Structures are given as C-alpha cells and as structure tokens.
Amino acid sequence: MSKTDELLPKPGPRFRVRFVKEQLEVEVPAGITILQASRLAGAPEGDRCGGVCACSTCHVYVVKGFDSTSEIEDEEFDILDKAIDVRMTSRLGCQAKIHGDVEIEISDESFSAFCDEHPDKRAQATALRTGKS
Ligand code: FES
C-alpha cells in the first residue's frame, strides 16, 4: 500500500480534525496521522525528516481530544525532547494517529519549518495563520 492509498476514503468512522490557528478543518478515517490530516487540510505543518520520527519539526499541540490520539511511544518521547516549547499536549504529528475528533495547534517551530521547507507557500501560510490575506 502506498502512502497515498492510506489517505483514500475507507469504510468506517470518520473524524473531524480542526487546525485552530489556520481555521481549517478536514474529515479523516480512523488511524491516519495528524501530519497526514494536515496535508489533507492544507495546513502548514513541517515534516523535515519525511515523517520518520527523526526531527521534531512536525510538533503540534492537541488542544482538544488528546485521548482520541494513539499512545505515545518511547521513540516519540525521545524526539519530543528536542522540540521547542514542549507542553503536556505536545505530539509529533507524524506519530500521533487519530481515533476521534481532535483540535490541533501547529507549533511555531513546526510552522517555521514548513515555511523554510516551502518558501513558495510562505506568504499563503502566514496569511492563513494570522487571518490576514
Ligand atoms: S516529521 Fe520529523 S519527526 Fe515528524
């Protein structure tokens, strides 16, 4: 199964993922990651290592529905240690799988990484995040 196949509609429950700063929302099938949801929603979340739990640039805060995400594994804890402004609600977007409705705040660190990775999308992402177009 390719990465794209994982994002295709599947039977079963779907959950609402809201990116609060960008005011973007998307419905996703159970089990996809917050990072995959951000891509579907068009939300500016960084992913410098490509989603293999090696960089912390996908750092987000689960501001609502933390219990609707997968358990944190030791490997994720180790990488979160390298992140900036870690909180009780911190997760790595590439590791946290969604099993219910959630609201997500993309960290400033992750937003900056996204802008560095996609300079062509910086202005649009900044406008989304600040509510100014
Ligand atoms: S994208 Fe690098 S740790 Fe998640």
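**View 1. Strand pairing around β3.** In this predicted model, strand β3 (residues 59-64) pairs with strand β4 (residues 90-92) in the antiparallel sense over 3 bridges; helices (H or I, at least four residues) and strands (E, at least two) are DSSP runs, numbered from the N terminus, and two strands pair if DSSP finds at least two bridges between them. His59 stands opposite Leu92 in β4. Strand β5 (residues 102-106) also runs antiparallel to β3, to which 4 bridges join it. In that pairing, Val60 faces Ile106 of β5 as its opposite residue. Residues are numbered from 1 along each chain as its sequence is written. Because the model is predicted, local features need pLDDT of at least 70 and side-chain atom pairs count only at pLDDT 80 or more, while totals for chains, interfaces and linings use all residues.

View 2. Arg16 belongs to strand β1 (residues 14-19). Arg16 is partly exposed because 15 other C-beta atoms lie within 10 Å (buried means 20 or more such atoms within 10 Å, exposed 12 or fewer, partly exposed in between, with C-beta atoms placed from the backbone). Leaving aside residues up to four places away in sequence, Arg16 touches Glu25, Glu27 and Asp101; contact requires C-beta atoms, placed from the backbone, within 7 Å. The C-alpha atoms of Arg16 and Glu103 are 8.3 Å apart, although 87 residues separate the two in sequence.

**View 3. Positive phi at Ser56.** Ser56, a residue other than glycine, has a positive phi near 75°. Ser56 lies in the loop between α2 (34-41) and β3, and counts as buried because it has 25 C-beta neighbours inside 10 Å.

**View 4. Positive phi at Asp85.** The phi of Asp85, not a glycine, is positive at about 55°. Asp85 sits in the loop between α3 (74-80) and β4. With 10 other C-beta atoms within 10 Å, Asp85 is exposed.

Definitions and conventions
Contact = placed C-beta atoms within 7 Å.
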